[in-house]
Amino acid sequence: MDDPESPLFGQPVEPFQAAVDRLWVTDSPDAKFGSFDQTDVKGHLETYGSGVRTLAAIAQLSPHVLLGDLVNLSADALAAAEAATQRKIGEYETIFGESWEQTLRLAALAAGDPESARDLSAQVRWRDTEARSLAAAVDALGKMVTMLAVPAEAAWERIPGVTDQDIERWRGMRRPQTDSPSLPRP
């Protein structure tokens, strides 16, 4: 630097400023530029991953939720990996579910409906977000019905992805058992 007022006075100055968005050009036919080798970013990625894993531990989440580094896992292995996340989701469902039930009762009171405001039977139902195969869910529900004598219709709402509209449609489609034709005996 040749400005005596500058704090960099007397320091060597790079003839070219390196940057991703700059192009180096020279008039000299003898000029040569060296090669720019690829920078190893492994250390940066490991530091990032470590930070994300720390954040996941603090938030009580599975690290793969934030890193997305799980591939080719069976349903059981994925369910085991998501156990911490499912516990956290369950906590939120309990906290927010109760809060929304209170909010609905308060809204009924504000709307001038004291009977609905006193009704404690309203429930918030959350969609099942746990990773499991449909076959495993149906197997478990079938065992509930056959081994525990739970009514089959009560198991319908526990089938993953089934809505209240589906259940109502199924109820409408079901024929009374007295109308069902008997099967011929062999």
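Colleague: What makes the span of helix α1 (residues 42-59) agree with its length?
Modeller: The expected span is 1.5 Å times one less than the number of residues, so the 18 residues of α1 should span 26 Å, and the end C-alpha atoms are 25 Å apart, which agrees. Helices here are DSSP runs of H or I with at least four residues, numbered from the N terminus. This is a predicted model, where local features need pLDDT of at least 70 and side-chain atom pairs count only at pLDDT 80 or more, while totals for chains, interfaces and linings use all residues. Residues are numbered from 1 along each chain as its sequence is written, and side-chain values use heavy atoms, leaving out hydrogens and water.

Colleague: Which residues of α1 are buried?
Modeller: Gly49, Val52 and Ala56; buried means under 20% relative accessible area, exposed over 50% and partly exposed in between, with a 1.4 Å probe and protein chains only.

Colleague: How do you know that they are on the same side of α1?
Modeller: They cover an arc of only 65° around the axis, so they share a side; the arc is that of the directions from the helix axis to the C-beta atoms. On the other side, His44, Thr47, Ala57 and Ile58 are exposed.

Colleague: Why is Gln60 called partly exposed?
Modeller: Its relative accessibility is 42%, so Gln60 counts as partly exposed. Gln60 sits in the loop between α1 and α2, and its phi is positive, near 60°.

Colleague: And why does Ala149 count as exposed?
Modeller: Because its relative accessibility is 64%. Ala149 lies in the loop between α6 (134-147) and α7 (152-156).

Conventions: Helices (H or I, at least four residues) and strands (E, at least two) are DSSP runs, numbered from the N terminus.
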